[in-house]
Amino acid sequence: MEVTRQASEQVSLPEVHRSVPIPHGASWWQKLMAFAGPGFMVSVGYMDPGNWATDLEGGSKFGYRLIWVIMASNLMAIFLQTLCARLGLVLGKDLAQACRAYYRKPISVALWLTCEVAIIACDLAEVIGSAVALNLLFRIPLVWGVIITSLDVLVLLGLMRYGFRKLEAVVTSLVFTVAACFVVNIVWARPEWGGVLQGFRPTLPNAEALYISLGILGATVMPHNLYLHSSIVQTRRTLQNESGLKQAIRWNTCDTVFALGAAFFVNAAILVLAGSVFHRQSVVVKELAEAHQMLTPLLGGASATAFAIALLASGQSSTITGTLAGQIVMEGFLKVRVTPWIRRIVTRGLAIVPALFMIVAKGGSGTVDLLVLSQVVLSMQLSFATFPLLMFTSDSRKMGEYANPLWAKVLGYAICLVIALLNIYLLQQTIGVVGVGIAMGLVAGFAGWVRWVSG
């Protein structure tokens, strides 16, 4: 069955839609480079400051034994992101546009609201991470660091005027900066590679390891990345026929696997660094600033500086993609266009209020508390993005021959169910009995929502 690509009333990210040319008759390397980019834009969400706390705590407490959790989380992410790319390419719609087109308006608005909350929560983690990095590198007070980070992305978003590839190049450079900093630190840390390899064997030492593992799993897949990826794959000017579509799906899959492989390396490197440096000293590290301070006497000042640079690069790259995701979500769900810099100020303004309050109230401590809070909020929203994604990509009436085969449906819904259950457990463990009530309410509401939509 040949699929017919549906024309959207309003294309996703119209200012850059189909703006990147694809050379025809070129070598495989040239085609790979032409399609490379969206995967790296998405990958920054898997290595943002919100993930660092769980990786540091897991490595400092249990050494290398939880690397397999990061690997399992990454494989789940790769599967979901490839579905996002396929959705955007086949339907010609991003995930937000698909929700607006195929769901009733009240459901679409409800999904938009939950996604906006998730974007603000993610922005909170980026604000905290960047402010801590500025403090570590330049001794800028955390309060001023938060204020600075509310404005810096406006400069970076100006690159959109020079083409989407320029923005991709900046984000990709930041990703490789993070990776390079950890390569240097891993070399200096001299991990026990035999122990690292054993860390890929699934094992949970105790109940606390289970809790940290749930935190790693629950914080890995970022809801806004699912909307973002389904949009930015449409920036390539591919041939508008069957062969062009198949080529785009194939190369975007390669781009996703490679880019998220880099994200796996970064998260694994954080855990390995913590295991090599802190676990050996029987020191448990939770605060980002604490990890930086302890690296200085253990590995030297250059190692601590590399850690801070990686943290800053991580926060800055994440804030760019978060801004794009916010624009995609608002335009897709509501068909409302807002100037990106206005969108940025509103979103970041909502994020810096709790950040400033916590920093002032606790005198600069408690940054991990905010990071944990942001991950809990993200986990609450995640299922409201993954289940619609599976519904759309499994529907042969919409996707034609590109609909998920049976094995992919079973695997996909299993992943969604696992993520939902783990996030409910994480929520309950984080905020206790109240969390159980909220979780049960979400489950009941989601079940009613599915029945309403399908009925």
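Here is a short chat about a predicted model, one residue or pair at a time.

Visitor: Is Leu13 buried or exposed?
Guide: Find Leu13 in the segment before β1 (20-21). Leu13 has a positive phi of about 45° although it is not a glycine. Buried means under 20% relative accessible area. Leu13 comes in at 2%, so Leu13 is buried.

Visitor: Which loop holds Arg190, and is Arg190 buried or exposed?
Guide: Arg190 also isn't a glycine, yet its phi is positive, about 50°. Look for Arg190 in the loop between α8 (164-189) and α9 (193-198). The cut-off for exposed is over 50%. With a relative accessible area of 67%, Arg190 is exposed.

Visitor: What separation do the C-alpha atoms of Phe62 and Gly275 have?
Guide: Start at Phe62, which lies in helix α3 (residues 49-62). Phe62 is buried, with a relative accessible area of 5%. Leaving aside neighbours within four places in sequence, Phe62 is in contact with several residues, including Pro205, Ile212 and His279. Gly275 is 213 residues apart from Phe62 along the chain, but their C-alpha atoms are separated by 7.1 Å.

Visitor: Which backbone nitrogen does a side-chain oxygen of Asp94 reach at the start of α5?
Guide: Helix α5 covers residues 95-102, and its buried residues include Leu95, Ala96 and Cys99. At the start of this helix, the side-chain oxygen of Asp94 comes to within 3.0 Å of a backbone nitrogen, and that nitrogen belongs to Ala96.

Visitor: Why are Glu57 and Lys61 separated by about one helical turn?
Guide: An α-helix has 3.6 residues a turn, so residues three or four places apart point the same way. The side chains of Glu57 and Lys61 meet in a salt bridge at 3.0 Å, N to O, and both residues are buried. They are about one turn apart because their spacing in helix α3 is four residues.

Visitor: Which residue joins Arg165 and Glu168 in one salt-bridge network?
Guide: Glu168 and Arg165 sit three residues apart in helix α8, and their side chains meet in a salt bridge (3.1 Å, N to O). Glu168 is buried at 2% relative accessible area, while Arg165 is partly exposed at 34%. For another pair, Lys398 and Asp395 meet at 2.7 Å, N to O. Back in the network, salt bridges that share partners join Arg165 and Glu168 with Arg236.

Notes
Residues are numbered from 1 along each chain as its sequence is written. This is a predicted model: local features need pLDDT of at least 70, side-chain atom pairs count only at pLDDT 80 or more; totals for chains, interfaces and linings use all residues. Side-chain values use heavy atoms; hydrogens and water are left out. Helices (H or I, at least four residues) and strands (E, at least two) are DSSP runs, numbered from the N terminus. Buried means under 20% relative accessible area, exposed over 50%, partly exposed in between (1.4 Å probe, protein chains only). Contact means heavy atoms within 4.5 Å. A polar contact is a pair of N or O atoms within 3.5 Å; within protein, one must be able to donate a hydrogen and the other to accept it, and residues adjacent in sequence count only if both atoms are side-chain atoms. A salt bridge is a side-chain nitrogen of Lys or Arg within 4 Å of a carboxyl oxygen of Asp or Glu.
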